[in-house]
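Reader: Could you take me through this model by setting each label against the rule behind it?

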Amino acid sequence: MLLPGRFVSCLSLFLLIAAAGGHSKGMPSSAQDNQPGMFPVRSDPVVAMDTPTCVIPFTRAGNLILIQAKADTSVGNFVLDTGAPGLVLNMTYFRNYPTRYTEGEEGGITGAVAGQIGTMVDQLSMGPVHYYHCEADRINLGHIESIKGVKILGLLGVSLFKRFEMVIDYEKNIITLHLIENKEAASYKGEQLRDTSAYHEFPIDVVDQKIIVHTEMAGKKLLFLVDFGAESNVLDSRLPNKIFENVTITSRVQVAGSGTTKIAAMYGNLKNMKMGNLDLGVMPVLITNLERMCYSYNHCLDGMLGFDFLSMHKIGFNFVKHKMYIWK
Amino acid sequence: MEIKGGGRLWKILPGCMLLLLVFFFTGLAGRAQAPVHTYSVRDGQEYISLGVNIKKGTLDSFMKQYNLASIGLQQFFRTRRADSLQRLGWRHKRTGDLYIISRPLLSSGNIGNPAGQIILTEKHPTIQERFPAVNNGVLYGYNRFRHKYPFAIKDGVVTFFLKGNTRASHVQLAGSFNDWSTGSLAMSLTDSGWIANVRLSPGKYWYKFIADGEWMVDDDNWLSENDGLGNTNSVFYVTNTLFQLTGFTHAGKAFLSGSFNEWRPDELSMVRTGAGWGLSLYLAEGTHTYRFVVDGEWMADPANPNRLPNEYGEFNSVIRLGKPYVFELAGYTGARKVVLSGSFNNWRNDELFMRKTKSGWTLPYTLGPGNYEYRYLVDGKWVIDPKNPLVISDGNDKDGMKSSYLIIDPNYTFRLKGHSDAKRVILSGDFDNWSSNTLAMKREGNVWVFPVHLSIGKHLYKFIVDGEWITDPDNGLWEQNEKGTDNSVIWVDK
């Protein structure tokens, strides 16, 4: 049964970025929305839950988290992918949906998916969580499902969770979700977060539908994308040499470039990086050129935190208060 | 200003002196050490630093350690010419006793696209690391439980049993048999645990219990498998073959060994029964050869009259599951010996000796559903099946020969409507290694058809109409391939 009182009509993306701007130094967030040719202002879906808090079991395809969800009449696997801006559908299975908008190549770094064709899903449900009138990008996910050997209907990206507290437990293969109502926005903390000595708390930015954490290394502040769709951690090869004095290269590797091309990248082990006061220990990283990872007004990401980091601990987020929790 | 500047000078002077000392001692140490060989990142570039006189063995180890075999370092050090390095975009310079070889790290065009980011950061799992589908390539299997018997199987219905956990309020069963659905198989509480009945055909299945939302492997099942990276599931085989060896009750150990387990001698331990030894196994459809190993002594199954010769001049027992296919080679009546060899028996040419008839040679051989390649060895000379129009030539044919292509139990018929004027339509896909001339479709009324066997999972295919590659116009599922064209997509369910 749906609880009418728990319907939350979400704010527009415009307002989201305006709010997120407070966490991102010097970013004129409202101006960014109005950049011609970047991405259209989209409305957020209406979210409702059968119960205020729910536990959603997940399975895995390699290191990707698969959640069973239903998009209108199609039921199947969706990948939890915080590297995606919102709901992304596999073109193969949603080709016949009407096109609502299209994005140019330049849209890719601003939040929308480059080269995608947008559409609308009337209802998206994962367990007791329901979204209504959900705008979605459509891209070809065929290569990923061929590699993983499982049918993948789409990706569940950041904007779907921005009203939630979310705790991901890789050990138990469950995600706990709580839809935060406006009246509890300032104070809500789930049961698992009551014992504040059990976890570390860090601020995050949610900008351009990306989750960004601040780290520090060799005296330099670094911005990392939190990406559950990334199997490896990634470090930008263009960072100053003093950063790489803390990286031991282990191997050269070929990774996917544009189209069918392969480009050289490196695997290494990074040490001496801190998040707040927490030393992150030795982290395996893929080192590649992230010049295309820049977003709004010359803000660039220095790396990505993927499965190799995120799966080491129970990890939680409050996307309303912009907090990340890492269990000890 | 001057006072300020002077103050700063005094502040940095001790630091400069310290730096000079560091350089001095580093220089001394550098001379005393062996030539440097490092691989690092500097100024956004791959940065290789190698001693001019590095020994070949050290260079080889260095290249192996960092996977640098493809960049032409060996040739550079052999010839002292940098042509090959330069062709690959590397710059080099000599600084004292070191070569510095560098190349900018390029940006992947995939960033900014969520699918591209997943692909960029993926760890390239092997096929074995992927979560396998039921019966897909699984030849055999057996169950090993502790504290409880293997799940009862009656009339094809398996009773899954979770021992204990009686305080849980609800328990679900999830597995490969229900696509890991988390809410479709509720278990029932009994006095000793939870049970759920599932109708399953013989084969391999993966499962887990979910007690009050918490995933658990079956602690009483010895068999569990990792899906590649950390996700462990319990394994259960619905068996279809009981091996029995009567007698030998005084023996200490008895094992079953066969073509299905690559003849590993001590893997399949048989269990004592009242009359001797036994082992219940899942075997895939097809022809399997086997022997028993009793206290180290190999023997054919004394109760099984079906045998085939082995390489030791003895015999292996044979078990056949499924329908036999009769291989027939017309002619060659003057030949002394004809041997059948194919992908189904690992291309062995000393096992399947054909029987001579008045008009040629024949051999019945049981094969499970699938697509196979085969040839005949006629008095030492390979020939393909002259009566089989399906010939595969695009595969990895080491002998430079073609093979005949056989499809057993097709489970899917590809159809292409129209194209009535076409002279030749070929079906091509991942199931025949994208061969462009093997699977010639037949015209039935207004439709070109071809039946094939497709394994469980995803398949990609196209039609070739008079040389032109096209996707299936009646299949709404297609995806772009790496060449920028499209492939049709089909998923085969269990």
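**Labels and their criteria**

Author: B:Lys442 stands opposite B:Val449 in S37(B). This is a predicted model, in which local features need pLDDT of at least 70, side-chain atom pairs count only at pLDDT 80 or more, and totals for chains, interfaces and linings use all residues. Residues are numbered from 1 along each chain as its sequence is written, while chains are lettered from A and ligands numbered from 1 in the order in which they are written.

Reader: Why are strands S33 and S36 of chain B said to stand at the edges?

Author: The open sheet of 3 strands runs S33-S37-S36 in chain B, with antiparallel pairing. Strand S33 (412-417) and strand S36 (442-444) of chain B each have a single partner strand, so one side of each is left without a neighbour in the sheet.

Reader: Why is helix H5 of chain B called mostly covered?

Author: A residue is buried if 20 or more other C-beta atoms, placed from the backbone, lie within 10 Å of its own, exposed if 12 or fewer, and partly exposed in between. In helix H5 (residues 114-121) of chain B, 7 of its 8 residues are buried, among them B:Pro114, B:Ile118 and B:Leu120.

Definitions and conventions: Helices (H or I, at least four residues) and strands (E, at least two) are DSSP runs, numbered from the N terminus. Two strands pair if DSSP finds at least two bridges between them.
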